[in-house]
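Please consider the following note alongside the sequence and the three-dimensional view.

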Amino acid sequence: GSSAWCAGLAARRPFGSAAVVQAAAEEVWGGRGEAEWQEAFASHPRIGASKSAKQGAEANRWSAEEQRGVQGASEAVKARQAELNAAYEARFGYIYIVCATGRSAEEMASLAAARLEHDPQDEVRVAAAEQAKITALRLQRIVEP
């Protein structure tokens, strides 16, 4: 979702291996700042939603798969996550970003509650690290089908 990250990664082509792509992606992401991070965050659906208008069809499909842990959650857990999403956005000004792959709905809600206690300068770095995990998983899907 970060246009600067996309341009930075594209400028490093061609890549000789999947490992080189991953290393370049991590390095370019690490060189980005808060504005680029927040641009990337904005492209994701909220936890509990499987689609974002800012993602393409394939990325929305991946988001739905990554958030599989939410699908079977109780209505109470889903409602709690929606409340936490709103509180997070009100506190930090961007959506709650977490690498959802392999996590249950309860775990993601618990993490959101804990992260609401973070200082905003610390939390944006935590969110950026979660974004990096998501990106690494998605790049792996692309380069190692």
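The points below take up selected features in turn.

1. The model under discussion is predicted. The points that follow should be read with that in mind.

2. Glutamate 36 belongs to helix α3, which covers residues 34-41. Its relative accessibility is 23%, so glutamate 36 counts as partly exposed. Beyond its neighbours within four places in sequence, glutamate 36 has contacts with Ser2, Ala4 and Trp29. Glycine 1 stands 35 residues from glutamate 36 in sequence, yet their C-alpha atoms are 8.5 Å apart.

3. Serine 43 is located in the loop between α3 and α4, the latter being residues 57-66. With a relative accessible area of 9%, serine 43 is buried, because buried means under 20%. A polar atom of the serine 43 side chain lies 2.7 Å from the backbone oxygen of alanine 40.

4. The loop between α1 (3-10) and α2 (18-30) contains proline 14. Arginine 13 and proline 14 are joined by a cis peptide bond, with omega at about -5°. Most peptide bonds are trans.

5. How do helices α6 and α7 lie relative to each other, and at what angle do their axes cross? The axes of α6 (residues 75-92) and α7 (residues 105-115) come within 10 Å and cross at roughly 30°. Angles under 35 degrees count as roughly parallel, and α6 and α7 are therefore roughly parallel to each other. Their crossing is left-handed. Residues making the contact include Leu84, Tyr88 and Phe92 of α6 and Met108, Ala109 and Ala112 of α7. By class, the contact of α6 with α7 comprises 9 nonpolar, 1 polar and 3 charged residues.

Notes
Residues are numbered from 1 along each chain as its sequence is written. This is a predicted model: local features need pLDDT of at least 70, side-chain atom pairs count only at pLDDT 80 or more; totals for chains, interfaces and linings use all residues. Side-chain values use heavy atoms; hydrogens and water are left out. Helices (H or I, at least four residues) and strands (E, at least two) are DSSP runs, numbered from the N terminus. Buried means under 20% relative accessible area, exposed over 50%, partly exposed in between (1.4 Å probe, protein chains only). Contact means heavy atoms within 4.5 Å. A polar contact is a pair of N or O atoms within 3.5 Å; within protein, one must be able to donate a hydrogen and the other to accept it, and residues adjacent in sequence count only if both atoms are side-chain atoms. Axes are lines fitted to C-alpha atoms, for helices over the stretch in contact, and angles run from 0 to 180 degrees between N-to-C directions. Angles under 35 degrees count as roughly parallel, over 145 as roughly antiparallel, 65 to 115 as roughly perpendicular and the rest as oblique. A crossing is left-handed if the near helix is turned anticlockwise from the far one by less than a right angle, and right-handed if clockwise. Ala, Val, Leu, Ile, Met, Phe, Trp, Tyr, Cys and Pro count as nonpolar, Asp, Glu, Lys and Arg as charged, and the others, Gly among them, as polar.
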